[in-house]
Amino acid sequence: MFELTEEQLMLRDMCRGFAEKNLREQAVEIDKTHKFPLETTKQMADLGLLGIMYPSEYNGADMDYVSYAIACEEISRVCAASGTIISAHNSLCISPIYYFGTDEQKENYMPRLCTGEHIGAFAITEPGAGSDSGGTAATAVKDGDYYILNGTKNFITNGEYADIHLTLAVTDKDGIKNKNTSFFIIEKGDPGFSVGKVEEKLGICASSTTEMVYDNCRIPANRLLGKPGEGFKIAMHTLDGGRVGIAAQALGIAQAALEEAAKYANQREQFGAPIAKLQSIQNMIADMATEIEASRLLVYKSATLLDQHGANRRMASKNAAMAKLYASECAHRCTHKCIQILGGYGYVKEYIAERLYRDARITELYEGTSEIQRLVVAANVLAEYAE
Ligand SMILES: Cc1cc2nc3c(=O)[nH]c(=O)nc-3n(C[C@H](O)[C@H](O)[C@H](O)COP(=O)(O)OP(=O)(O)OC[C@H]3O[C@@H](n4cnc5c(N)ncnc54)[C@H](O)[C@@H]3O)c2cc1C
């Protein structure tokens, strides 16, 4: 049903080859040093991975969402931190500019983002507004031809390295919840904007996760993205695409866990034979492989739906949430089993199993926790059966 096209297969081979050659060793190193992989991010840009599903008129690679999912999967299979970087850049920063920006905004920002000359980020989370972005407290007040922003965002991916980011702020303080916010394009160097606290994390350690602080940040009024009051709508539209990227990231991590576990099980001997001969090990391998295959079908289907619905991608919300929910929990289970199969060796840093386990955990949290994905899926299913 989901046969990849020749172009998609070529992309997969290219990403796989690049990741093996340029990311595999580095992934171990940057997990320890927490160093953002700027050089290899620029190399991924040269391969077109920083503007995968955008038109060539904006320097994009002119590919589709399935290709985007394949790239996220293959890069994350080797280096999940790099997977996070391209996922946030492509589907959280460029996507809303592409779908909601004016021609001028698209011409101004997209070409430099798609070539990777500029790195992008997307900021909705605040200390008091996580799952409920309706609780946004940051404000943007119109002042002649400018907006003045105040507030703090936290946990923002690519934060320290973002040349451009999108931020959500309340523009109508008396307005109805979820209809009172708007998005703005912020540039590095805007007066009153600074990067705050840099987080130390459990996994994806080399990705940057920071606060974004607006202290009377003054930006031209033409940096408003979409119409005033469209903030929540843009956020949900954007996350439908982003969730497919995170689902693909989880899939890549789970696949890496399966490969590591299977190779180890074939080599490791106990009681005079490879542990792969033990049925309890075989059961774990079988469950991992089956769940990964199911995840892959969900990921590719949800990406295909995004391609089919284009700007109407809210039609694909349910499947994007299902893919993220299932693939992220699959990655959790698979990385857990990988450690189990490696025994004590799974717990020490000589092997990649413990990093995979730590990296997998974030996929159940960001771009909506598993509980929030279940809410989205249930709301869609119940609506389908309502009279
Ligand atoms: C490494 C990292 C990178 C991130 N990158 C970004 C980024 O680039 N941009 C950005 O804007 N944000 C980013 N985030 C933030 C992330 O999206 C939020 O952390 C996430 O949405 C959850 O919000 P919270 O942490 O405030 O948890 P909370 O919303 O406080 O949730 C706490 C618990 O309550 C549950 N819960 C909350 N509401 C409900 C409900 N209605 N029903 C059932 N359960 C519920 C949650 O599922 C969770 O278990 C990032 C976070 C991390 C850790």
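Author: Let us begin with helix 2, residues 38–46, in which T40, T41, M44 and A45 are buried. Seen down the axis of helix 2, these buried residues fall within an arc of 155°, so they line one face of the helix. Please keep in mind that this is a predicted model.

Reader: What is the general idea behind residues pointing the same way in a helix?

Author: An α-helix has 3.6 residues a turn, so residues three or four places apart point the same way. In the present case, E39 and D46 are exposed on the other side of helix 2.

Reader: Which helices do the buried residues of helix 2 pack against, and which residue follows helix 2?

Author: The buried residues of helix 2 pack against helix 1 (6–33), helix 3 (65–78) and helix 4. After helix 2 comes G48, and the phi of G48 is positive, near 90°.

Reader: Since helix 3 has come up, is E73 buried or exposed?

Author: E73, which has its place in helix 3, is buried, with a relative accessible area of 4%, and the cut-off for calling a residue buried is under 20%. The side chain of E73 makes a polar contact with the side chain of Y300, at 3.0 Å. Leaving aside residues up to four places away in sequence, E73 touches A248, L251, G252, R296 and Y300.

Reader: How is empty space found in a structure?

Author: Rolling a probe the size of a water molecule over the atoms shows where empty space is left. In this structure, the largest pocket has a volume of about 1,000 Å³, and the lining of this largest pocket is made by 42 residues, of which T125, L365, Y366, E367 and G368 lie nearest its centre. The elements that give two or more residues to this lining are helix 4 (80–100), strand 1 (120–123), strand 3 (146–157), helix 6 (231–267), helix 9 (353–361) and helix 10 (370–384).

Reader: Which element gives the largest share of the lining of the largest pocket, and how do the lining residues divide by class?

Author: Helix 6 gives the largest share, five residues, and the lining of the largest pocket divides into 18 nonpolar, 14 polar and 10 charged residues.

Reader: How much space lies in the second largest pocket, and which residues lie nearest its centre?

Author: About 280 Å³ of space lies in the second largest pocket. Its lining has 15 residues, and R24, V28, Y351, I352 and R355 are the ones nearest the centre. Helix 1, helix 6 and helix 9 each supply at least two residues of this lining, which by class divides into four nonpolar, no polar and 11 charged residues.

Reader: How many cavities of 30 Å³ or more does a search of the whole structure find?

Author: The search finds one, and about 60 Å³ of space lies in this largest cavity. The residues lining the largest cavity are A27, I30, D31, C79, A80, A81, I204, C205, A206, R355 and D359. Helix 1, helix 4 and helix 9 each supply at least two of the lining residues, with helix 1 giving the most, three residues. By class, the lining of the largest cavity has eight nonpolar, no polar and three charged residues.

Terms used: Residues are numbered from 1 along each chain as its sequence is written. This is a predicted model: local features need pLDDT of at least 70, side-chain atom pairs count only at pLDDT 80 or more; totals for chains, interfaces and linings use all residues. Side-chain values use heavy atoms; hydrogens and water are left out. On a 1 Å grid over the protein atoms alone, a cavity is a set of points where a 1.4 Å probe fits but cannot get out, and a pocket is an open set with protein on both sides within 12 Å along at least five of seven lines; lining residues have an atom within 4 Å of a point. Grid points are joined across faces, edges and corners, and a volume is the space filled by probe spheres set on the points. Helices (H or I, at least four residues) and strands (E, at least two) are DSSP runs, numbered from the N terminus. Ala, Val, Leu, Ile, Met, Phe, Trp, Tyr, Cys and Pro count as nonpolar, Asp, Glu, Lys and Arg as charged, and the others, Gly among them, as polar. Buried means under 20% relative accessible area, exposed over 50%, partly exposed in between (1.4 Å probe, protein chains only). The arc is that of the directions from the helix axis to the C-beta atoms. Contact means heavy atoms within 4.5 Å. A polar contact is a pair of N or O atoms within 3.5 Å; within protein, one must be able to donate a hydrogen and the other to accept it, and residues adjacent in sequence count only if both atoms are side-chain atoms.
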